[in-house]
Amino acid sequence: MVFRRKRFITNVSSLLIVIPNSLLTGYTSTKARILKFSSINTHQLKMSSRHLPNPYKDYSEGKQCSIININGNDISDEFREKLSSGTKVLLKRLEDNKRQWYSLEDTSLYTGLPGVAYTFYHYGKYFEDQSYISRSTELVGKCIEKLRGKRHVTFLTGNAGPLALGAVMNHFLGEKEESKNMISKLKYLSSYAIYEDGSGLPDEILYGRAGYLYALLFVNKHMTPPPIEDDLIRQVINYILSSGKSYAKAHGIESPLMYMWHDSEYLGGAHGLAGILYLLLQAREFLTEDQLKTEVEPSIQWLENLKYPSGNFPSSVGSTTDKLVHWCHGAPSMTMLFCLAYEIFKKDQYLNTALKCGEVIWERGLLKKGCGICHGVAGNAYSFLSLYQLTKDPKHLYRACKFTEWCLDYDAHQTRPADRPFSLFEGLAGTIYFLVDMQKPSEAKFPGYTL
């Protein structure tokens, strides 16, 4: 999916527009519904076009809450039962619509068949249902047979995703030779990521080297012994660092690391600096102390200084429109980055930044784009889980539960149908993946992003 920078009109002093009733507090006449643009809160107008008002009361310490247990360290049994039941209802809907998502044309985890298979696998493991695990392995195997375009090397949109997922699935089922074959193919893709043939490859998560790095780390995390050599992982990391340093130096950027994608210096999780830094922090055992202290952390500090007064972050360098609150752009992916930065570097400023991002998401995170992962409510809810896992504060678990309730009422909150309404990152499969994760909130991990 391509996210491009939009151009906005700057001379709007005489622009006449019709304002929704929800923004007309204090205006009583019909005539007052036509106002000059300068006389309304333009920030509020922009926000209202992308999110719905949060109808939930926030967590109150000491007040009995039926969705988390009395100790505040897990969801309640009552809520877990509701969640389990709702997850199964949505899973049946996904299965009943197989004709709309079963296609070997799209072999990406992001929007294609492997993403649905990943949801089946995730569900099967949690509910100990072998049929879903076997079915998911079969689906991924069929996709691997159709893989083309070896230069597409990332976990979410390239060949590395089905290969990494297939290797892990087959290993889990005891199919060692099949798993080994997929790992060999995965490692072969390194020729497009770290050698001369990969010179045109970007570095970001969705289409670039960081996405390939995730695939390698994913396999090592889920297989014992880890089959990917440390040296290969270090080579990918060093190429990402070298690329970032070269770009930053050539363009006079104060951050030690900076990257470009589609002619923009993006900052978010999917295409930008935050996503790359987050993967590098998760792979910190493969970095030198000097790389961590002089390249990675100063880049995090530089990025932190770009945040808006609201606590949200720009989508790209130079952007001044505080409007996007998605995993792909804005506060949600930043929450995860700064939570991890605090865990590693123990600096209160990182925790404070993560907490401010959480406030932005609570206020503006119920998106009109629906309940998906990339730019939807389920993806935003993972930010609360990151904060909860770090701080153990029940407020963040409560907030995640309220966003979960929003997702369970799926039909009522699909204001803008997704392009791929059953996919992992845009549609129903991703919502189901999140709902499964919510049943063990202390272990939940954003797919394709958090290891």
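Partly exposed here means a relative accessible area between the 20% below which a residue is buried and the 50% above which a residue is exposed. The model is predicted. With that scale, Lys-142, at 31% relative accessibility, counts as partly exposed.

## Salt bridges

Lys-142 has a charged partner. Its side chain meets that of Glu-138 in a salt bridge, at 3.5 Å from N to O. Both residues belong to helix α5. They sit four residues apart, about one turn of the helix. Glu-138 is partly exposed too, because its relative accessibility is 46%.

Helix α5 also takes part in a contact with another helix. Arg-135 forms a salt bridge with Glu-95, and the closest N and O atoms are 2.7 Å apart. Arg-135 lies in α5 (residues 130-145) and Glu-95 in α2 (residues 77-96), so this pair ties together parts that are 40 residues apart in sequence. Arg-135 is partly exposed, at 31% relative accessibility. Glu-95 is partly exposed as well, with a relative accessible area of 24%.

A further pair joins Lys-187 and Glu-229, whose side chains meet in a salt bridge at 3.0 Å, N to O. This one links distant parts of the chain, 42 residues apart. Lys-187 is in helix α7 (residues 176-188), while Glu-229 is in the loop between α8 and α9 (230-250). Lys-187 has a relative accessible area of 23%, so it counts as partly exposed. Glu-229, at 41%, is partly exposed.

Some salt bridges share partners. Through them, Asp-58, Glu-359, Lys-395 and Arg-399 are joined into one network. Across the whole structure, the search finds 17 salt bridges. In general, side chains of opposite charge can pair when their charged atoms come close.

| Pair | N to O distance |
|---|---|
| Arg-135 and Glu-95 | 2.7 Å |
| Glu-138 and Lys-142 | 3.5 Å |
| Lys-187 and Glu-229 | 3.0 Å |

## The second largest pocket

The second largest pocket holds about 570 Å³ of space. Its lining is made of 23 residues. Which of them are closest to the centre of the pocket? They are His-122, Lys-125, His-222, Tyr-433 and Asp-437.

Helix α4 gives the most, with five residues. By class, the lining of the second largest pocket has 13 nonpolar residues, three polar and seven charged.

## Cysteines

How many disulfides does the model have? The count comes to zero. A disulfide would need two cysteine sulfur atoms within 2.5 Å, so the distances of two cysteines are of interest.

Cys-65 is in no disulfide. The nearest cysteine sulfur belongs to Cys-401 and is 7.2 Å away. Cys-65 is buried, with a relative accessible area of 14%.

Cys-328 is in no disulfide either. Here the nearest cysteine sulfur is that of Cys-374, 3.7 Å away. Cys-328 counts as buried, because its relative accessibility is 0%.

Terms used
Residues are numbered from 1 along each chain as its sequence is written. This is a predicted model: local features need pLDDT of at least 70, side-chain atom pairs count only at pLDDT 80 or more; totals for chains, interfaces and linings use all residues. Side-chain values use heavy atoms; hydrogens and water are left out. On a 1 Å grid over the protein atoms alone, a cavity is a set of points where a 1.4 Å probe fits but cannot get out, and a pocket is an open set with protein on both sides within 12 Å along at least five of seven lines; lining residues have an atom within 4 Å of a point. Grid points are joined across faces, edges and corners, and a volume is the space filled by probe spheres set on the points. Helices (H or I, at least four residues) and strands (E, at least two) are DSSP runs, numbered from the N terminus. Ala, Val, Leu, Ile, Met, Phe, Trp, Tyr, Cys and Pro count as nonpolar, Asp, Glu, Lys and Arg as charged, and the others, Gly among them, as polar. A salt bridge is a side-chain nitrogen of Lys or Arg within 4 Å of a carboxyl oxygen of Asp or Glu. Buried means under 20% relative accessible area, exposed over 50%, partly exposed in between (1.4 Å probe, protein chains only).
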